[in-house]
Structure formats: structure tokens, C-alpha cells
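Please read them with the structure open.

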Amino acid sequence: MKPFGPIPPQFADQRGELVIGGVPVGELIEKVGKSPAYILDLAIVEEQIAAFRAAMPADVDLHLAIKANPHPYVVQSIFPLVDGLDVASAGELQIVLDAGISTDHVSFAGPGKRDPELVLAIEHGAILNLESEHEATRALAIATEMCVTPRLAVRVNPDFELKGSGMSMGGGAKPFGVDAERVPALVRKLLDGGADWRGFHIFSGSQSLDAQAIADTQAASIALSAELAQAIGARPPSVNLGGGFGIPYAANDRRLDIGPIGERLSAALAARPAILADTKFIIELGRWLVGEAGVYVARILDRKLSKGHVFLITDGGMHHHLAASGNFGMVMKRNYPVAIATQMGAEPVEAVTIAGPLCTPLDRLASDVMMPRADVGDLVAVFASGAYGLSASPSGFLSHPLPAEIVVKHGKVTT
Ligand SMILES: Cc1ncc(COP(=O)(O)O)c(C=O)c1O
């Protein structure tokens, strides 16, 4: 028998049928007429944003990295509550443009941007977080051709990484950003080229549950920004300190307490060098804002016994939810928080494996977990599924139908 991750507090104490955003899960599934479904409770996202504002210094901006959940209605609903967005492709930028969102506070990061992506960003005035000298040269040339002043920032590959992060994105040789020692020369080239230089982007890791490590990385990013600014001899209008705030997925994961991060950031900003006095600081988050607000719900199609072990076969699996199957950058497969959604709080009586409909042993939503007795027709809930769900999964694999996507807030349902 194996443990599973902690069910988010908003759902953990529920009894009977799971209720999401004030609506019983069966009713939500009936409304869209199919399972599986990703269901996101916007009220939980709002609670996260309020918690961020309460803990962080008031003048630090909050940006949403829409890669975590690029559902257009989700992006549109969260945008008014944050100070800006980060996109990672022309496709994501198009989602923002289609939603009628102003690009004043939209940045575009990610290595290997193609010319049409640079054109779209420059045309709409989004800030390009440049990932290489080559990208900078192309952006300047494209802007000259278009007769516009491009808004360009430089993504810095620092010499440090976010310790303990699930995915390290800085320190050492990396495909992301420009090595710190080469940044001053690049920024001078941008200034000489007539660009509107917007500052630095220092994103050094993702999914950390260690408040001290996050605070250390922020302090190091502020110090590095000051050093680079001195070397350039110009004040950066903004410094994006990255993010990295994680959420608990597995049994031993502890919830991140962001209070100490806010306190240390306040102190670091109060003591910052004069060259950063007028700089706007930004924190860019994805999963921490939306992850725990989302639930993936699948229906049990079969209950099988093999050599004494119970398999619950569902209509959902790794093709919709790669991360829950343990195949999205995990070293070890660990069970996500799961429950039988039609029997919340019921006594666990048997060890089961919850598997999907794909003909591969990789297709498991949970392995060897204690659950109440569940049968064909019951619903399974996989929690902590609001980030890196459908858009991070091989949904074309084996040509099964796509899941429904439902957004709910205080009983109001949008599909
Ligand atoms: C540049 C950038 N911004 C934001 C994020 C979002 O990270 P998370 O969802 O863990 O907050 C990532 C994740 O890889 C990233 O690479």
C-alpha cells in the first residue's frame, strides 16, 4: 500500500458527494454531458491571490504565468486580479489578445522564439524577455523593419539556482536566459539599438516548498540585478524575480508558508542599492495560483481483480493528466491526492490501483492506494490538478476524446 498527497484544505473535510465551487460534482458532469472533466474553482484562485497580497510587500507586482492553465476563460477571469501576465509562445499571446487584454503588462519568455513570434510580440507591444544574443539581434532587426520601438528585457541565467525546486531553471549551463557575465554587453547593445529596455527577468526554478530557499533566491536576484545595473550604468525599470512557489502533491510534501518569504523580501527591498530605488519588482507564479483550485474527475468504467489486486479502470488517464500519472518530469512516481468523489470521507477499506483506458502500464492515476469500496459509475477525483493538466498532457495519444473543462465560482458554472 502506498500513500497519496494531501487533499487541499477546501476539499479535505467534505463528506458524501464532492462539492466544487458550491456545486455537487455529479451535477457538474451532468451539465457538460460527459466525463472526464477538469473543474476549476475560481474562488480558490482568488483566495490565493488575496493570500499573496497579504504576505508580500504592497509594491511588488504579481504576474500569472498562463502556461500553468491557459484556458481562455481562466486567463480572462484572473487577469483583473493580477498585475500582469507571462506567456511562453505566440499561441499563448494570442489567447491573451483574443481575450481583449492590454499587453502593457504582458511579457513573453522562452527559448527559441520564432520570427513570427517576435513580430507578434513587437507589433502588440508585449515585453520580450530575450533568451539569447541571437534573439536580441533578430528582435532589434524586426523592430527596425517595423519602425517601432521594441520593449525588451533580458532573461538572466544567474550563477545560483532555486534550491530544492522540482525544476531548476538557473545556475550552471542552461538553455534559458543569457549567462549573467554577458548581460551588461547585451543590454548596452539594446540601448544603442534604440530599444525600450525594460530590465531583467531572473527565473531560476519552479515547484519549491522551501520558503527560506525562495527568500534566499530572491535576495540573490536583487543583489545580482544591482551588480548588473552598475556594470551597465543604467537603472532597470523592472526586475522580474521569478517565482517558484510550490504546492504539495505527494504524501510528504509540506504546504509552503509564504509569510516568511514576504518578510524577507520586504527587508531585502528596504536595503536595496540606490540604483534599484525606482525599479518595479515582479513575482511570476503559475501553479501556486491555480494548482490547488483544480480537480480532474473521471468515471469508473470497470472494476477488475488481478491476482488479488483491485484495479479501478476509469475513462480518464495520463493522456489528459500526464503529471498525475507520474510521467511529467518526476524522478519517482508518487501518488497525487486522490479520492472517490462520490464517497468523500467514507472509510477506506481496500487497496486499489486507479488506471486509465490506455494500453500502457504508464497510464495510472494512483497506484496501490487505500480507498472506500468503489464500483462502476463512481467518480474519482484527482486534486491539485489546476496547473499543468490538459495542456501538459499527450491528449492525442490513442485518440480518446478530450475531457470537458469547467470553471465554477460560488455556484456559477462556465463551460
Ligand atoms: C519563465 C517561467 N515563468 C513561470 C513559470 C511558472 O512556474 P510555476 O507554475 O511553477 O509557478 C515557469 C515554469 O516553468 C517558467 O519557466
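1. Terms for the strands. Two strands pair if DSSP finds at least two bridges between them. Helices (H or I, at least four residues) and strands (E, at least two) are DSSP runs, numbered from the N terminus.

2. Basis of the notes. The model is predicted, with local features needing pLDDT of at least 70 and side-chain atom pairs counting only at pLDDT 80 or more, while totals for chains, interfaces and linings use all residues. Residue numbers start from 1 along each chain as its sequence is written.

3. Strand E15 (residues 294-306) pairs with strand E16 (residues 309-314) in the antiparallel sense, over six bridges. Lys304 has Phe311 of E16 as its bridge partner. The hairpin of E15 and E16 has two residues between the strands, and Lys307 there takes a positive phi near 50°. E16 also pairs with strand E18 (residues 350-355), in the parallel sense and over four bridges. In that pairing Phe311 stands opposite Thr353 of E18.

4. Strands E3, E21 and E22. Strand E3 (residues 37-41) and strand E21 (residues 404-409) run parallel and are joined by five bridges. Ala37 stands opposite Ala404 in E21. E21 is also joined by three bridges to strand E22 (residues 412-414), and these two run antiparallel. Here Val408 stands opposite Val413 in E22. E21 and E22 form a hairpin with two residues between them.

5. His410 has a positive phi of about 45° although it is not a glycine. Is His410 buried or exposed? His410 is exposed, because 10 other C-beta atoms lie within 10 Å. The classes used here are buried for 20 or more other C-beta atoms within 10 Å of a residue's own, exposed for 12 or fewer, and partly exposed in between, with C-beta atoms placed from the backbone.

6. Two further backbone checks. Cys147 lies in the loop between helix H7 (133-146) and strand E8 (151-157). Its phi is near 60°, a positive value in a residue other than glycine. Cys147 counts as exposed because it has 6 C-beta neighbours inside 10 Å. The peptide bond from Ser35 to Pro36 is cis, with omega near 0°. Pro36 lies in the loop between helix H2 (25-32) and E3.

7. Helix H9. This helix (residues 211-232) has 22 residues and reaches 31 Å from its first C-alpha to its last, close to the 32 Å expected at 1.5 Å a residue. The expected span of a helix is 1.5 Å times one less than its number of residues. Among the buried residues of H9 are Ile214, Ile222, Leu228 and Ile232. Which elements do the buried residues of H9 pack against? They pack against helix H8 (183-192), strand E11 (196-201), strand E13 (238-240) and helix H10 (259-270). Contact between two residues is defined as C-beta atoms, placed from the backbone, lying within 7 Å. H9 is followed by Gly233, whose phi is positive, near 80°.

8. Ile282. This residue lies in strand E14. Ile282 counts as buried because it has 22 C-beta neighbours inside 10 Å. Not counting residues up to four places away in sequence, Ile282 touches Asp61, His63, Gly84, Ser238, Asn240 and Leu241. The C-alpha atoms of Ile282 and Ser168 are separated by 19 Å, with the two residues 114 apart along the chain.

9. The ligand shell. A residue is near a molecule if its C-beta atom, placed from the backbone, lies within 6 Å of it. Of the 15 residues around the ligand, Ala65, Phe203, Ser206, Gly286 and Arg287 come nearest. Strand E14 (280-285) and helix H11 (287-290) each supply at least two residues of the shell. The shell divides into eight nonpolar, four polar and three charged residues. In this division Ala, Val, Leu, Ile, Met, Phe, Trp, Tyr, Cys and Pro count as nonpolar, Asp, Glu, Lys and Arg as charged, and the others, Gly among them, as polar.

10. Domains. The protein chain is divided into domain 1 (9-40 + 291-414) and domain 2 (70-285), with bounds that come from an automatic or database domain assignment. Their C-alpha centres lie 34 Å apart. Twelve residues of domain 1 are in contact with eight residues of domain 2. On the side of domain 1 that touches domain 2, the residues divide into four nonpolar, five polar and three charged.
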